[in-house]
Amino acid sequence: MLNPGRHRAAVATADVCDSNAALLVNGDLRALDPIFKIYGRRLAFSGPIVTVKVFEDNVLVRQLLETEGNGRVLVIDGGGSTRCALVGGNLAQWAHDMAWAGIIMNGCIRDVDEINACDIGVRALGSNPLKSNKKAVGDKHVPVQIAGTLIHDGEWLYADSDGILISKTELSV
């Protein structure tokens with residue numbers, strides 16, 4: 001486990017692809033479609049994945065980000081909705097404080113300036129100033145389909161300015 005504030009060394013996604021051609025061919029390594037905008041101060045991050053599936057409701061997202069991240073990455077399937085934000089500046093700061101490596105959001109964020117000041121990696125479809133519902137509807141630790149890729153809890157995510165990779169196992173270059 002990582003200590004809060006400690007992060008894995010950045011791994012270049014292009015190098016991961018170049019070094020793992022066989023995994024790309026057999027599907028054990030997949031690239032997400034390039035649909036995400038980059039937010040947060042940490043441009044490159046990686047870690048084991050925790051998944052959550054919600055729709056315009058961020059209660060389960062908050063519950064997960066309030067637990068120790070230990071260098072994990074929260075992958076949020078917000079159904080691709082751009083009608084409200086599921087993560088704002090307070091949750092991003094909380095995620096940083098709880099040692100999450102990053103957040104991938106198939107949906108929107110808000111408080112962009114606050115998130116960009118945080119030392120955490122965030123990818124989202126865009127921003128929207130409207131807050132989400134608070135009904136606690138959704139599922140944690142379930143497979144999610146995001147950006148053309150099926151993602152499972154416990155897989156590994158690698159992100160940098162070139163893109164986002166999902167791997168069945170931890171990789172080295």
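This is a predicted model: local features need pLDDT of at least 70, side-chain atom pairs count only at pLDDT 80 or more; totals for chains, interfaces and linings use all residues.
Lys-168 lies in the segment after strand S12 (163-167), so here the parts tied together are 13 residues apart in sequence. Glu-155 is buried at 4% relative accessibility, whereas Lys-168, at 43%, counts as partly exposed. With these three residues shown together, you are looking at a network of salt bridges that links Arg-30, Glu-155 and Lys-168.

Next, select Asp-77 and Lys-53, which form a salt bridge with their closest N and O atoms 3.4 Å apart. Asp-77 is in strand S4 and Lys-53 in strand S3 (residues 45-54), so the pair ties together parts that are 24 residues apart in sequence. Asp-77 is buried, with a relative accessibility of 4%, but Lys-53 is partly exposed at 38%. Over the whole structure, a search finds six salt bridges.

Leaving aside neighbours within four places in sequence, Val-61 is in contact with Val-52, Val-54, Leu-74, Ile-76, Leu-86, Val-87 and Leu-91. If you also select Gly-138, you will find its C-alpha 9.4 Å from that of Val-61, although the two residues are 77 apart in sequence.

For the cysteines, a search of the whole structure finds zero disulfides. Cys-108 is in none, and the nearest cysteine sulfur, that of Cys-84, is 7.9 Å away. Cys-118 is likewise in no disulfide, its nearest cysteine sulfur being that of Cys-108, 18 Å away. Cys-108 is buried, with a relative accessible area of 2%, and Cys-118 is buried with a value of 2%.

Finish with two backbone positions, bearing in mind that most residues other than glycine have a negative phi. Asn-70, in the loop between helix H3 (59-65) and strand S4 (73-77), has a positive phi of about 50 degrees although it is not a glycine. Asp-111, in the loop between strand S6 (102-109) and helix H5 (112-116), has a positive phi of about 60 degrees and is partly exposed at 33% relative accessibility.

Notes. Residues are numbered from 1 along each chain as its sequence is written. Side-chain values use heavy atoms; hydrogens and water are left out. Helices (H or I, at least four residues) and strands (E, at least two) are DSSP runs, numbered from the N terminus. Buried means under 20% relative accessible area, exposed over 50%, partly exposed in between (1.4 Å probe, protein chains only). A disulfide is a pair of cysteine sulfur atoms within 2.5 Å. Contact means heavy atoms within 4.5 Å. A salt bridge is a side-chain nitrogen of Lys or Arg within 4 Å of a carboxyl oxygen of Asp or Glu.
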